[in-house]
Amino acid sequence: MSNNRVVGGAEPLLELRNVRASYGRIEVLHGVDLAVPAGKVVALLGPNGAGKTTTLKVGNGQMSPDEGCVHVSGRHVNGVSPDALARIGMCTIPEGRGVFRNLTVRENLRMLVFTGAGNEVFDRAFERFPRLRERAGQVAGTLSGGEQQMLAMARGLATDPAILLIDELSMGLAPLIVGELYELVAQIAASGVSILVVEQFARTVLGVADLAVVMQQGRVVASGIPSELEDELSAAYLGASS
Amino acid sequence: MSNQAPPSDPTAQSAAAERLEQGVAELHVPEPTADVERALVRAGMALPIIGLVIVGVAWYGASGTGYVNDQIPYLISGGLGGLGLMLIGLGLFLRYSITHLIRFGVARMVHEQQAQADRIVDAMASLEQAIRHGDA
């Protein structure tokens with residue numbers, strides 16, 4: 001398996017080319033190549049500290065790369081603000097859910113109305129997540145972890161995104177709930193949304209991913225279809241040389 | 001957890017992808033050097049006008065009094081300050097508009113040289129062909 005290989009054949013919706021990024025003087029991404037083709041689910045895997053979340057932040061504009069290019073739909077977008085990218089259809093569901101814990105489910109969804117989305121956000125969200133309709137008046141902080149993650153996904157999907165970036169969906173959730181959430185991800189992908197999932201627990205996401213990219217110490221160490229990556233995954237997580 | 005995803009709607013998703021493509025085409029991608037140069041050219045156009053206004057105000061103020069002691073502040077703050085702004089503005093405008101002009105000229109020259117080289121190569125190929133036919 002070649003290192004730093006760009007996965008996917010057709011024109012990708014999101015592409016990172018030889019991206020280097022740093023926090024202050026410490027470089028954490030050392031030339032990352034990654035592509036999210038249209039309508040595919042790409043899993044970005046790797047152990048803690050591999051640079052997965054930083055890669056996602058570079059992709060959605062929260063961080064500017066020191067070197068390299070970020071392309072969205074074929075256009076170079078280095079330096080474009082994350083809100084501008086979100087407005088045109090790139091939605092991020094951050095680690096830790098990113099819901100307003102002291103607002104109700106309905107109020108959390110209403111926040112989208114201020115971004116220019118119409119009142120149809122409620123219909124879209126409740127249609128996709130019927131459980132949230134039952135909890136519409138409940139304060140988000142009192143929802144279960146899985147329901148909070150659903151609310152975060154509902155908020156993201158109600159904006160009708162073309163690309164969905166999900167960071168650590170399984171964080172702090174029971175395996176059964178994680179499985180159900182990934183079923184939802186598969187259903188979202190089936191509707192044609194391109195998805196980049198950052199995940200530390202590889203087994204949970206490989207079932208729904210079309211392509212997988214394994215990162216280690218700020219570099220892409222393997223990429224390809226999930227069934228081909230068993231050895232590389234074991235090496236990345238257990239620290240063996242691949 | 002009871003969840004039911006709505007049926008796939010490829011039309012909606014192609015609309016989202018189209019919206020993304022259109023939005024990306026309309027995005028302003030920051031280009032630090034070009035953005036700064038554009039701002040400096042605008043400053044170069046604005047500063048001489050501001051300087052001219054200041055000189056006019058200073059002249060009006062100085063002409064309203066017959067005392068030299070009262071006229072000197074107008075001369076220094078208004079006259080020299082305004083003149084300074086005009087010179088700085090003119091300098092900026094010339095510096096960055098000339099840079100732009102030179103870049104354009106160089107790009108044109110390179111393009112013309114390339115076209116010339118292509119013509120020469122074509123002519124040489126025709127000559128070579130003619131010579132070969134002549135030998136045969």
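**A buried residue in a loop**

Analyst: A:L229 is buried, because 25 other C-beta atoms lie within 10 Å of its own; a residue counts as buried if 20 or more other C-beta atoms lie within 10 Å, as exposed if 12 or fewer, and as partly exposed in between, with C-beta atoms placed from the backbone. This is a predicted model, in which local features need pLDDT of at least 70 and side-chain atom pairs count only at pLDDT 80 or more, whereas totals for chains, interfaces and linings use all residues. Residues are numbered from 1 along each chain as its sequence is written, while chains are lettered from A and ligands numbered from 1 in the order in which they are written.

User: Where does A:L229 lie, and which residues is it in contact with, leaving aside its neighbours within four places in sequence?

Analyst: A:L229 lies in the loop between strand 10 and helix 9 (230-238) of chain A, where helices (H or I, at least four residues) and strands (E, at least two) are DSSP runs numbered from the N terminus. Two residues are in contact if their C-beta atoms, placed from the backbone, lie within 7 Å, and, apart from neighbours within four places in sequence, A:L229 is in contact with A:A212, A:V214, A:A222 and A:G224.

User: What are the radius of gyration of chain A and the value for a compact globule?

Analyst: The radius of gyration is taken over C-alpha atoms, and the globule rule is 2.2 Å times the number of residues to the power 0.38. With 242 residues, a compact globule would have a radius near 18 Å, and the 17 Å of chain A agrees with this. The C-alpha atoms of chain A fill a box of roughly 50 × 35 × 35 Å along the principal axes, and buried residues make up 49% of the 242 residues. Chain A has 9 helices and 10 strands.

User: In what order do the strands of the open sheet lie, and which are the edge strands?

Analyst: Strands of a sheet pair through backbone hydrogen bonds, either parallel or antiparallel, and two strands are said to pair if DSSP finds at least two bridges between them. In chain A, 6 strands form an open sheet in the order 6-7-8-3-9-10, with mixed pairing. The edge strands are strand 6 and strand 10 (219-224), each of which pairs on one side only. The twist averages 15° from one strand to the next.

User: How many bridges join strand 3 to strand 8, and is strand 3 enclosed or open?

Analyst: Strand 3 of chain A is joined to strand 8 (residues 194-199) by 5 bridges, and the two run parallel; A:V197 in strand 8 is the bridge partner of A:A43. Strand 3 also pairs with strand 9 (residues 211-216) in the parallel sense over 4 bridges, and here A:V42 stands opposite A:L211. Because 5 of the 5 residues of strand 3 (residues 41-45) are buried, this strand is largely enclosed by the rest of the structure.

User: Which way do the residues of strand 3 point?

Analyst: In a regular strand the side chains alternate between the two faces of the sheet. In strand 3 of chain A, A:V41, A:A43 and A:L45 point one way and A:V42 and A:L44 the other way, and all are buried.

User: Which residues touch the most other members of the largest nonpolar core?

Analyst: In soluble globular proteins, nonpolar side chains tend to be buried together. A nonpolar core is a set of buried Ala, Val, Leu, Ile, Met, Phe, Trp, Tyr and Cys residues joined through C-beta atoms within 7 Å. The largest one has 84 residues, of which A:A154, A:V185, A:I195 and A:V197 touch the most other members. Helix 7 (residues 175-190) of chain A gives the most to this core, with 7 residues.

User: Is helix 6 mostly covered or uncovered, and what do its buried residues pack against?

Analyst: Helix 6 (residues 145-157) of chain A is mostly covered, with 11 of its 13 residues buried, and A:A154 is one of the buried ones. These buried residues pack against elements that include helix 3 (105-110), helix 4 (120-128) and helix 7 of chain A. Beyond its neighbours within four places in sequence, A:A154 is in contact with A:L109, A:A125, A:R128, A:F129 and A:L132.

Notes. Axes are lines fitted to C-alpha atoms, for helices over the stretch in contact, and angles run from 0 to 180 degrees between N-to-C directions.
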